[in-house]
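Thanks for joining. I have one structure to go through, and I will keep to a few local features.

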Amino acid sequence: MNRRESPPFRLSLDHIEIKKEPTEAYDMITTVCQELKEGAMGIISLKDGRGYDSLKGLSENLEIPLISLNPPSFPPEYPSRILIDTTSTSRLQKLLSTIRAAQFNQGNYHYVIVNFEFLPYDVAMFENGNINISGFQIIDREHKQYWDLKKHLEEKKDESEISLDHYTDITARVALAHDTVIAAFHGFLRALSQNDSIFSKSFRHGKLYNRGYRGIYCDPSTDRENPARPYSSFEHGDMIGAALHGALSWVQGKGFILNQTISDHTRKNHEDLNNRIVKAGSKRPDGSWDGLVGDLLNGDIDVALASLTINQDRERVVDFSKPFMTTGISIMIKKPDKQEFSVFSFMQPLSTEIWMYIIFAYVGVSVVIFLVSRFSPYEWRVEETIRGGFTISNDFSVYNCLWFTLAAFMQQGTDILPRSISGRIASSAWWFFTMIIVSSYTANLAAFLTLEKMQAPIESVEDLAKQTKIKYGIQQGGSTAQFFRHSSVQIYQRMWRYMESQVPSVFVSSYAEGIDRVRNQKGRYAFLLEATANEYENTRRPCDTMKVGANLNSIGYGVATPFGSDLKDPINLAILALQERGELKKLENKWWYDRGQCDQGMNQDGSSASLNLSKVAGIFYILMGGMIASMIAALGEFLYRSRIEARKADPQLCGNFARNLKTALSSQLQLSMKGGATAHPGTNSHEALKRQKMVNQ
C-alpha cells in the first residue's frame, strides 16, 4: 500500500513486545497511550482477554477507532449448546478427535467451532456420525492473494514471530490481521474522500494535534508542556469510525470487497440481465446461490422482481416483500385429440351409470305398480256377462304396467290410469322422476352438441402417480424440486423417487425446455410447474397444452431484496396499495386471459361433462320413497277392504269375525294372485256380487 503512486498517507509498523504477566493489561494501556501521544489515530486488536477489555474502554472514552478480531461472546441459552474457541489448529483437531471418540450419547448436543479454522479434514471426520457440529472456514486457500501472503511471510519469518514454512497453513488469525490492516487503510481513504481537508489543521511539523493540543493523552495531567490541558476525546474519531464501517462489504463467493456506490454498477448490470436467461435461484452444494438470489447476495442487483417463490431456504438469505400473487404447483399435459361424434353421441349427456339406474328404476317402478294394483281392491272391475254371471278383472297386467311406465317416461299418455290411492302415489313419484331426468338430459344435450369435448388421460395428481405410461418431471433445482424432495406426503415422496430413478432423466433445466418436451412427446410426458406459468402458456399458440387437476400446494410470489435494503418497506406499501385497489387482479386478467391467443370456449380441464349419479342422486331417493309409500298404501287398502267384506259376510256374529276376516283375506289374496275370476250363477260368489251390485245401485 505504501508503494502506490502519490499515497495520501503511509503506514508504519513499530514492534513493542508486551510480556504475558499479571500487569499485561496495564502495560498494554500504557503502550497504547504512549503511541497516541506520538500521533496514533486508531487501534487494531488481535487479542482477547483483559487487555482487550481495557482497549475497548479506552476506545469508548477517547472515541478512538477500534478494529477488533474478537468475536462477540454470547451467553449459552441452553446447556446443550457448546461453543469451542481454541488458540491453535492442532489443539482444535485434538479436541475434535476427543469429541468423536467420546462414549456417550451426543445427539442432544450441538458444538459450534468459532475460530474460523474448520478444515476439510475436520468435516470428513464427522460426516458419518450423529454428532451435530458447525464450523466456519473463511480462508480461500486457492486464491492468489493467499499464496502471495504466505510467500511473503516465509521470506520474513526471521523478522517476525510467525513460524511458517511451505507445509504450514496460514491461520485464520494471521489472515484476519492482514485483512484488518487493509480495512483500516481503506477506511482512512474513505474518510479523506468524503472530506479531503479533515486533517488540514491536525498536523504541524509532522506531529498530530488534537483540539489544539499535541497528541492524544489518556491522562491530561501527564502533559508537562500544557499543565492546563483539558480531558478531550479524538476530534475526528466519529468520522473515521463511520468510514471504517463502510469501507468493506461482504459478498458471496468473493469475501470482503471494497464498497462501491450503487451508481457505479446499476446501469451496467441492468443491461447484462436483459441479455441472459435468468433463473430464480437455487442453493449449490457448496452453500452459495445461483440465479437472481445469487445476484442479490453478490451485490450485482438491488431488487429481484420475477416469478420468485417465497420458501424457507430463500428467506434465510434474502428479504421478501408481501406476496403479490398466489399460485401453486400444477400439472401440464399435451391437449388430447378432440373426440369424434358417434352415432350414439345422444347418450353422452348422461353417464353410463345413470342410464343403468334409469333402466333399473323403470323395471322396479313397473313391478311396484303391478303389485299395488293387484293388492288394492279399488283397481278391480266387476262386469256382468251375457249369461248372467260376473267377471272380476284388473287393467294393470304385467304388459300394461310396463307400457304405462314407458309412456310416462316418454311423456306420452295411455288409455289406462290408476284409480287407487297407492297406484296414484307410485305414478306421481314416477312422473316427477321422469320430469327431472328429461329436463336434465335436454339441458346437457344442448351443451354436448355445441361444445367440443376432450377426455384427458389423467385428471388429478393421484391419476398421474398411479400410472407409468405417462412420464412426468420438474425443473431441476427450483422451488418445485424442493417441495417434492422435502415433502412428508406419501404420494409426493413416491413421485420424487420415481422421477429420480428415470433414465433418461425427466428433469429439465428451464420451464421452456419442459413445455417443449410436453409438446414434442405426443402425450407421453407431463410437466409439473407453477400454475401461473401453466395457465399463461395454455393461452399461447399453438394452444396444444392444458392444465389438469387442482394445485398441489399454495405458494406466493414476492419481491426479493438484500437484508437491510431501504427498498423493502416502500415495495411492501406499494404491493398492499395495488391489492386494495384491485390493480393486481386487473393486470392478471389483462396478461393471462384478455390477451390470450387460444379459444377459451372448449372444455380444457379434462373433466367429463356427462351428468353423473352424484348430481341426480336425490331424485332416485325420492322415487324410492314414493314406491315404498305406494306399497304401504296398497297394504292398507287391502286390509281395509278385507275387513269390510268380513263384516258383510256375517254382521250378527261377532265371535266369527276373526274367522270371517281370515276367509276374506284368503279370498282377496287368491284373487290378486290369479289376476281375475268368474262367478257363475248359483254359486255363493255370484250371490255375493249380485247383492253388492244392488247395494251400490
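Let me start with L208, which lies in strand β7. A word on the source before going further: this is a predicted model. Is L208 buried or exposed? Its relative accessibility is 3%, so L208 counts as buried, the cut-off being under 20%. Leaving aside residues up to four places away in sequence, L208 touches G39, A40, M41, S202, F203, Y213, R214, G215 and I216. There is also K37, which is 171 residues from L208 along the chain, yet the two C-alpha atoms are separated by 8.3 Å.

Now the sheet around that strand. Three strands form an open sheet in the order β6-β7-β8, and the pairing is antiparallel. β6 (203-204) and β8 (213-214) are the edge strands; each has a single partner strand, so one side of each has no neighbour in the sheet. Between β6 and β7 (residues 207-210), the antiparallel pairing runs over two bridges.

Next, helix α15, residues 479-486. Which of its residues are buried? They are S479, T480, A481, F483 and F484. The cover over these buried residues includes α10 (312-315), β13 (329-334), α16 (490-501), α17 (511-520) and β17 (525-530).

How values were computed: Residues are numbered from 1 along each chain as its sequence is written. This is a predicted model: local features need pLDDT of at least 70, side-chain atom pairs count only at pLDDT 80 or more; totals for chains, interfaces and linings use all residues. Side-chain values use heavy atoms; hydrogens and water are left out. Two strands pair if DSSP finds at least two bridges between them. Helices (H or I, at least four residues) and strands (E, at least two) are DSSP runs, numbered from the N terminus. Buried means under 20% relative accessible area, exposed over 50%, partly exposed in between (1.4 Å probe, protein chains only). Contact means heavy atoms within 4.5 Å.
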